[in-house]
Amino acid sequence: MSSSAALPDPAANSAPAPASAPAPASAPADRRRWFALAIVMTAAFMDLVDVTIVNIAIPSITRDTGASVSAIQWITAGYALAFAAGLITGGRLGDIYGRKRLFLIGIAGFTVASALCGLAPNSDVLVAARILQGATAALMVPQVLSIVHATFPAHERGKVFGLFGAVVGLGAVSGPLLGALLTEWNLFGLEWRPIFLINLPVGIAGLILGAKFITESKAPRAMRLDLVGVGLVTLAMLMLIYPLTRGHELDWPLWGHFSMVGSLFVFAVLVRHQRQKAVIDGSPLIELSLFRVKSFAAGIAVQLTFGVGLGIFFLVWTLYMQMGLGWSVLRAGTTGIPFSVAVSVAAGISVQKLVPRFGRKVLQAGALLMVAGLLTYLWEAEHYGMAITSWQMAIPLVVMGVGMGLIVAPLTDAILSEVPKEHAGSASGLINTVQQMGTALGLGLVSVVFFGAIGDRLAPQEIGPAFVDAFQQSLWWVAGVLSVIFLLMFALPVRPKAHVEGGAAAPDDAPLPTEPVLKV
């Protein structure tokens, strides 16, 4: 599943919308900005689909390349880690050097990286290409809503953001199915490779049309880059996640434990550096004062923990269906449709109808529903074993999907509701970055909660039952994570303040919406 165009720090520094043009020129200007909208939305859709499309093809990639356990994890976690590390930097670069310029650089790099993924001769090259893909996506994706904010006047943004939400939902629903179809069709004998190569014509078209129709914009007072902060964040995450992904294969060497403990020291150095950076030039990577806001600190913890849970579940679920139950990629892809549809429907209802009336109880109900769905799935997996069917999975998946929909759509507003307006952009960027870091951490933990429960030397007839047992053990972990999330939600505001009252148009300095947490 995916979540989605993540948004680091555009709102606080976005340039105001340009003044209206004289009447004779208004029609051409309108056409150009709607073309620009279609282009950036297509790029956002491409990123969303690319994340969800990969999970469903992992077993096919494994069979074709002979990828190891750690390579399987890094194909997904490497993207998430590079994406998380570059999000805020990508947004800042766009503010400083121009959002159009960074968008075009990002989409060009993403297209090249997609070609490298599709042509990768082995799993090592694929992992490297996926990390490059995540890094270039971090340049491209943050510019999407920044360009919208700078291009469209306030009274049109409600319609535009509604379209963006539809694109997010469509990407979440279509990604797994498209991945299943492309892999199942085995176009030109390329097996899984078309899931990456399909980005080439889309990326080239976006590059050509974007250069023509997107208007350049910069922030009037962009903050300076904190490259030291980015380096410390990336180093700390690598020191934590790399030993987790390799630990099972290497029999948990001593250096791995030292590395994970050392990551805590690097995080501490990062905090100290951010405090000094705030005093020196007022442009830290992370605005630490935000954590004095109780609801924000709790919400960030929810976001991080939620990313961990989703990172574990979706990769394990794919491996369970295809490598455990022996299902085809198409059957596995279509099995997830009820979940995707339930997420989209519940997300719309939660924001429009439920949250205004019941507040944070809606998010807590979502966490409990997800736990209930997981426990139901756990019972079915144990009761039916290898004979379980897609129809039997549909009930727990719908329950889980409804629960997730109740959380993902209103969570960002709940986190931002008590954040000072001048820090709204920084807070939005941090939300997305933390969620991606949580996802990368969850994918790293798969070696512990899933592969750690599978024996190293299994006879062919033992593989299926071993994967089923490991899947059940993983569901207990995810249920535990969601129980922690439920408790953390008590620190969220009882009734989040709306950024836009009564459906009025958002002011130019209002925080931009961030993408629901669907990127896994």
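# Exercises on a predicted model

Gln274 is buried, with a relative accessible area of 2%, where buried means under 20% relative accessible area, exposed over 50% and partly exposed in between (1.4 Å probe, protein chains only). The structure is a predicted model, in which local features need pLDDT of at least 70 and side-chain atom pairs count only at pLDDT 80 or more, while totals for chains, interfaces and linings use all residues. Residues are numbered from 1 along each chain as its sequence is written, and side-chain values use heavy atoms, with hydrogens and water left out.

## Exercise 1

Task: Find the place of Gln274 and the residues that Gln274 touches.

Solution. Begin with the place of Gln274, which is in helix H10 (residues 254-280); helices (H or I, at least four residues) and strands (E, at least two) are DSSP runs, numbered from the N terminus. Next, list the contacts (heavy atoms within 4.5 Å): when residues up to four places away in sequence are not counted, Gln274 touches Asp226, Gly229, Pro284, Leu285, Ile286 and Leu288.

## Exercise 2

Task: Classify the ring pairs that Phe313 forms with Phe314 and with Trp317.

Solution. Start from the rule, by which rings of Phe, Tyr and Trp (its six-membered ring) pair if their centres lie within 6.5 Å, and planes under 30 degrees apart count as stacked, over 60 as edge-to-face and the rest as tilted. A search of the whole structure finds 18 aromatic pairs. One of them joins Phe313 and Phe314, with 5.2 Å from centre to centre and 80° between the planes, and this pair is edge-to-face. For Phe313 and Trp317 the centres are 5.5 Å apart and the planes are at 25°, so this pair is stacked. Then look at the positions: Phe313 and Trp317 both lie in helix H11 (residues 294-324), four residues apart, which is about one turn of the helix. In general, an α-helix has 3.6 residues a turn, so residues three or four places apart point the same way. Finally, Phe313 counts as buried at 2% relative accessibility, Phe314 counts as buried at 4%, and ring pairs link Phe313, Phe314, Trp317 and Phe339 into a cluster.

## Exercise 3

## Exercise 4

Task: Describe how the axes of H4 and H5 are arranged.

Solution. Axes are lines fitted to C-alpha atoms, for helices over the stretch in contact, and angles run from 0 to 180 degrees between N-to-C directions. The axes of helix H4 (residues 123-140) and helix H5 (residues 142-151) come within 4 Å and cross at roughly 10°. Angles under 35 degrees count as roughly parallel, over 145 as roughly antiparallel, 65 to 115 as roughly perpendicular and the rest as oblique; H4 and H5 are therefore roughly parallel to each other. Where they meet, Ala137, Ala138, Leu139 and Met140 in H4 touch Pro142, Gln143 and Val144 in H5.
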